[in-house]
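Subject: Handover of a structure and the findings on it

Dear colleague,

Please find below the structure that I am handing over to you. I would be grateful if you could read the notes after it with the model open.

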Amino acid sequence: MELNSFVISAIALLTVAAITVALFKHLGLGSILGLLVAGIVVGPYSPGPSVTAQVEDVRNFTELGVVLLLFLIGLEMKPRRLWALRREVFGLGSAQILISGVLIGAYMSLYAYSWRAALLMGLTLALSSTALVMQSLFERGDLNTRHGTAAFAVLLMQDLAVVPLLAIVPILSDVGTLSADVPFWQQVVVVIGMVGVIVAFGRYLVPFALAYLLRQNNREAFTLMVLLAVFLAAGAMHEAGLSMALGAFMMGMLLSTSRFSFQIQAQIEPFKGLLMSLFFVAVGMSIDLDAIASQPLLLAQHVVLILTIKLVVLLLIALLFGLPPGTATRIAFMLAQSGEFGFVLFGSAKVLGVIDDPTFVIAVTVISVSMLLTPLLVRLGDGLAWRLERRAAPVRTFVDPAGGSDPAGRVVIAGYGRVGHTVATLLEANEIRFIAFDTNPANVKRGEQDGRAVYFGDIGDADLMAAAQVGSAALVILTIDHGPTALRVVSHIRTAYPRVPVIARARDLEACGNLIRAGATLAYPEAIESSLRLGAEALKMLGVPTGDVDSLLQGVRSEGYAQVVD
């Protein structure tokens, strides 16, 4: 039974999703599995009421979440990091696709499938779920670990494989043609042209537009401009016959070198989170319970054997590429599922007659069930990897998005005006790593000219604090001279990261007290401190011993400046 009212459908979906996500997170299985189960419950194949029967339309729309996810990954994956991964992308990724595809295709050929259908199913089921794996890495904070970067490299190669796989479908079909109206050289020119357009937009036009909008203090237009840039890049790649996610990833990489990258991430994260949640619900809706019930043993056999083939192949190839056993184990269990691209490719193959309707149902169900099992496989892989690594006592190596090797121990400066610039200079002189944020584009420009890690962003934004990894900072220094903003920042930091010390600048004693009550570790009244320094220098020039002057200053500060305030 399909619910007719949109409001009732939304209430039913949100209720079920909230309950399942809360339950599965409480059980330690993660939110993704909860969303997949929620999709099964409210989907058209469950015995209860369904929110919609148009599952494919919902899935197509929510794939925009995958586009935004790849864009955010591109923001963190600067070009130099991508170049460093070229061995894993083209070596590990290519070997995994070809070997897994051939073995799975050989297995499927045992069930009277034509060689065309078996080959297509093998290569398609060899791909993994970019959305599922990357979202899991995001949630766990593992994107910048060794296994996280290697898994991403394999997924990137799988996305690049979209082009030849799309070309294979009409070749294998008896009714299709390989774009006879468009010569291959012309297709290559179109792809190169679209890439050139994206590079020009992302490297020059979009940063210029964003800087202009920030100078106008137009935050809403800033967000809309970023979304426009992402979807233009995704659309351009789609028109060229490539993956939309690749276009978004390229735009993210191009903007990753701009001074707006952290603020962009903070603005886009809520949109990505909502669409990705709906995407996993849509995948859950695709699980055909009737198909499973009609052939439970066959479907279970397909799922188990395909997962096993991919696990073994990934594990062996990762070991051959020199990855440690624990890392190879995590990668194998994380990438063992089949991916969402299969929904699109199998749909095209069904239209062109490469596979029939029963085969399509089986293939889509295998993909959906394998995705449903992924959170459990990841937990199993972590357990096995931990056992392998227990004696070696591994250390995770992270990559700082600001350019350093590790965000831990870094100082975060909020505000790069006069005071922030001075603090940064002192830190730099003592070789202490720092990253600074300011909402004034002119100050950000000054930081860029100084050659320092100064980015546009409101440090009071919870999403930006997460993107900047404030929780790993050794110290946060607030040089903001706007009282309400400073109070909001201190309150947010103390709530989200209670162990991170915060030193704040204040105008006077009243503001200093407010900041301390809000959670600041220390707060210094700027006007009184300036007066004290002036008076101290005067006493020294009048012959008072330096030790006595320092003792006097220490006494005034220890008593809360009571001696110098009425």
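Predicted model: local features only at pLDDT ≥ 70, side-chain atom pairs only at ≥ 80, totals over all residues.

Residues are numbered from 1 along each chain as its sequence is written, and side-chain values use heavy atoms, with hydrogens and water left out.

Overall picture

The protein has 26 helices and six strands; helices (H or I, at least four residues) and strands (E, at least two) are DSSP runs, numbered from the N terminus. Of its 566 residues, 52% are buried, where buried means under 20% relative accessible area, exposed over 50% and partly exposed in between (1.4 Å probe, protein chains only). Contact means heavy atoms within 4.5 Å. Among contacts between residues at least 6 apart in sequence, 73% join residues at least 24 apart.

Confidence

The pLDDT, which is the predictor's confidence in each residue from 0 to 100, averages 76 in the protein, and 80% of the residues score at least 70. Confidence is highest in helix α16 (residues 296-320), at a mean of 89, and lowest in helix α25 (residues 526-541), at 64. For residues 175-180 the pLDDT is below 50, and this stretch has eight contacts in the model beyond near neighbours in sequence. The pLDDT is also below 50 over residues 562-566, a stretch with nine such contacts.

Helix pairs

Helix α1 (residues 6-26) and helix α2 (residues 31-42) cross at roughly 140°, and their axes come within 8 Å. Axes are lines fitted to C-alpha atoms, for helices over the stretch in contact, and angles run from 0 to 180 degrees between N-to-C directions. The crossing of α1 and α2 is right-handed; a crossing is right-handed if the near helix is turned clockwise from the far one by less than a right angle, and left-handed if anticlockwise. Residues of α1 in this contact include Leu-13, Val-16 and Phe-24, and those of α2 include Leu-33, Val-37 and Val-41. The contact divides into 12 nonpolar residues, three polar and one charged. Here Ala, Val, Leu, Ile, Met, Phe, Trp, Tyr, Cys and Pro count as nonpolar, Asp, Glu, Lys and Arg as charged, and the others, Gly among them, as polar.

Helix α6 (residues 86-109) packs against helix α9 (residues 146-160) at an angle of about 65°, with the axes 8 Å apart. The two are therefore roughly perpendicular to each other, a term for angles of 65 to 115 degrees, with those under 35 roughly parallel, over 145 roughly antiparallel and the rest oblique. The crossing of α6 and α9 is right-handed. Nine nonpolar, four polar and two charged residues make up their contact.

Buried places

Nine of the 10 residues of helix α17 (residues 325-334) are buried, so this helix is largely enclosed by the rest of the structure. Among the buried ones are Arg-330, Ile-331 and Phe-333.

Val-67 belongs to helix α4 (residues 64-76) and is buried, with a relative accessible area of 2%. Leaving aside neighbours within four places in sequence, Val-67 is in contact with Val-230, Phe-231, Ala-234, Met-244, Ala-245 and Ala-248. Phe-231 is 164 residues from Val-67 along the chain, yet their C-alpha atoms are separated by 8.0 Å.

Ala-209, in helix α11 (residues 184-215), counts as buried at 17% relative accessibility.

With kind regards
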